[in-house]
Amino acid sequence: MKEIPYKIYLEESELPKQWYNVRADMKNKPAPLLNPATLKPMGFEDLRPVFCDELIKQELDDTTPYFDIPEEILNFYKMYRPAPLVRAYFLEKALDTPAKIYYKFEGNNTSGSHKLNSAIAQAYYAKKQGLKGVTTETGAGQWGTALSMACSYFGLDCEVYMVKVSYEQKPFRREVMKTYGASVTPSPSDKTAVGRKILKEYPGTSGSLGCAISEAVEAATSKEGYRYVLGSVLSQVLLHQTVIGLEAKTALDKYHIKPDIIIGCAGGGSNLGGLISPFVGEKLRGEADYRIIAVEPASCPSLTRGKYVYDFCDTGMVCPLAKMYTLGNGFIPSANHAGGLRYHGMSSILSQLYEDKLIEAVSVEQTQVFDAAVQFARVEGTLPAPESSHAIRIAIDEALRCKETGEEKTIVFGLTGTGYFDMVAYEKYNSGNMSDYIPTDEDLAKGFATIPQL
């Protein structure tokens, strides 16, 4: 058996040439998006005012297993891919565990996260369609940064609505977006009708991804030559992110490694879906079995405490209805520091997989998340993003459980990005000023009350 190196890199020739569409192997397909006016499934023409044509085709296709990656996107990927699969030898030693721990590191690019995998694809299709620009939302700022880079590469205008709490907590992230030519607006804002409505209903709100989505969609549909793009939740985004899981699986297979547990943080679902799709595909086809864990913040627990129903994807209720695990489109999360996980719902694909018990979910408090982040940083030498640190927390917990039982399990988790723009959060943790917030049943009831009764 080959000796396993600290970092496993693929050769350029081993990079994925296609994206994998896990829906093709799902016996229970994700429910279709519904038109909020007619409550009928949305087709190509219904979605054209909002999304790029090729992306709509990807969104609606739940039977084609593989999509070829265009040459221009493959060439761009080569600037920062393949991303390494790292054996966490130092973390294993620190935990004194018999478990073997690996992490797929997606932070080796200027955007600092996995988001660039889909941003360049969506910008490519917008450019190919002859559009002037795109609008989007961003939570912690990784997606906005990635999209600003992709738009700069293709010469597209980029308008970003950034969740207000993150806009204020992460000034350097927004400056990176501006450096790449994007305009950045804290959301909710008074620039859009829906933003003004939200500010009136929720005065002093710190915002949410649901609010920012509403503003970005309005901005896109009110200007000719623009479309809305997004960094998570929809099936097209999870499709592009499968380069993560495909690379990880190829690297593991190269050294005859079979993971027992696969872990990823879960907000809207892009990184988790991208990491686990090839492995879930094997489960669905009966070729292998894995324990797959989605980790979400206790302050925004859509899978672990949400309802599996049709709900609006945004707070302003201007987007389609999606069947998903949701806390209600009106749920405004607390101003926790895992900004990229502050979404009221979850990808329809992941929601269906969770409903079918193909994956499991846990929620964790942010002080415990940062305990794990600091421990990881000190022994592995990489400062992780708060979002990724949710996965680190559970990876450590599972490794310690192996220490108790003596089991030599193999654990793989997704390290979606770096935390160098998240130092306000680290400062609060280091100074002892970080606290946990877990919504009460009464808090959740307010969000549930905004779910449409179909």
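Mentor: Helices here are DSSP runs of H or I with at least four residues, strands are DSSP runs of E with at least two, and both are numbered from the N terminus. The model is predicted.

Trainee: In the loop between which two elements is T63 found?
Mentor: T63 is in contact with N21 and A24, leaving aside neighbours within four places in sequence. The C-alpha atoms of T63 and D422 are separated by 40 Å, and the two residues are 359 apart along the chain. The loop that holds T63 runs between α2 (53-60) and β3 (66-68).

Trainee: Is T63 buried or exposed?
Mentor: The relative accessible area of T63 is 57%. Exposed means over 50%. T63 is therefore exposed.

Trainee: Which strands are the edge strands of the open sheet of 7 strands?
Mentor: The strand order is β1-β4-β5-β15-β10-β11-β14, with mixed pairing. An edge strand of this sheet pairs on one side only. The edge strands are β1 (7-8) and β14 (360-364).

Trainee: Which residue is the bridge partner of I8 in β4?
Mentor: β1 pairs with β4 (residues 85-87) in the antiparallel sense, over 2 bridges. In β4, the partner of I8 is L85.

Trainee: How many of the residues of strand β15 are buried?
Mentor: From β15 (residues 410-415), T410, V412 and G414 point one way. I411, F413 and L415 point the other way, and all of these residues are buried. In a regular strand the side chains alternate between the two faces of the sheet. The count of buried residues in β15 is 6 of 6.

Trainee: Which residue in β15 does I263 stand opposite?
Mentor: β15 is joined by 6 bridges to β5 (residues 100-105), and those two strands run parallel. K100 has T410 as its bridge partner in β15. β10 (residues 261-265) also pairs with β15 in the parallel sense, over 3 bridges. I263 stands opposite F413.

Trainee: Is α9 roughly parallel or roughly antiparallel to α10?
Mentor: The axes of α9 (residues 193-201) and α10 (residues 209-221) are 8 Å apart, at an angle of about 155°. Angles over 145 degrees count as roughly antiparallel. The pair is therefore roughly antiparallel.

Trainee: By class, how many nonpolar, polar and charged residues are in the contact of α9 with α10?
Mentor: α9 contributes A193, V194, G195 and I198. They meet C211, S214, E215 and E218 of α10. By class, the residues are 4 nonpolar, 2 polar and 2 charged.

Trainee: Is T315 buried or exposed?
Mentor: T315 sits in the loop between β12 (307-312) and β13 (321-326). Its contacts, beyond neighbours within four places in sequence, are I198, S208, G210, C211, S214, N329 and G330. With a relative accessible area of 8%, T315 is buried.

Trainee: What distance separates the C-alpha atoms of M317 and G330?
Mentor: M317 lies in the loop between β12 and β13 and counts as partly exposed at 39% relative accessibility. M317 touches S214, F312 and N329, not counting residues up to four places away in sequence. M317 and G330 are 13 residues apart along the chain, and their C-alpha atoms are separated by 9.2 Å.

Trainee: Which element supplies the largest share of the largest nonpolar core?
Mentor: This core has 39 residues, and those with the most contacts inside it are I276, L350 and L353. α12 (242-254), α13 (270-284), β11 (291-297) and α15 (348-355) each supply at least two residues. The largest share is 6 residues, from α13.

Trainee: What is omega for the cis peptide bond that joins S187 and P188?
Mentor: Most residues other than glycine have a negative phi, and most peptide bonds are trans. P188 lies in the loop between β8 (183-187) and α9. The bond from S187 to P188 is cis, with omega about 5°.

Trainee: What is the phi of K357?
Mentor: K357 is in the loop between α15 and β14. At a relative accessible area of 71%, K357 is exposed. K357 is not a glycine, yet its phi is positive, at about 60°.

Terms used: Residues are numbered from 1 along each chain as its sequence is written. This is a predicted model: local features need pLDDT of at least 70, side-chain atom pairs count only at pLDDT 80 or more; totals for chains, interfaces and linings use all residues. Side-chain values use heavy atoms; hydrogens and water are left out. Two strands pair if DSSP finds at least two bridges between them. Axes are lines fitted to C-alpha atoms, for helices over the stretch in contact, and angles run from 0 to 180 degrees between N-to-C directions. Angles under 35 degrees count as roughly parallel, over 145 as roughly antiparallel, 65 to 115 as roughly perpendicular and the rest as oblique. Contact means heavy atoms within 4.5 Å. Ala, Val, Leu, Ile, Met, Phe, Trp, Tyr, Cys and Pro count as nonpolar, Asp, Glu, Lys and Arg as charged, and the others, Gly among them, as polar. A nonpolar core is a set of buried Ala, Val, Leu, Ile, Met, Phe, Trp, Tyr and Cys residues joined through side-chain atoms within 4.5 Å. Buried means under 20% relative accessible area, exposed over 50%, partly exposed in between (1.4 Å probe, protein chains only).
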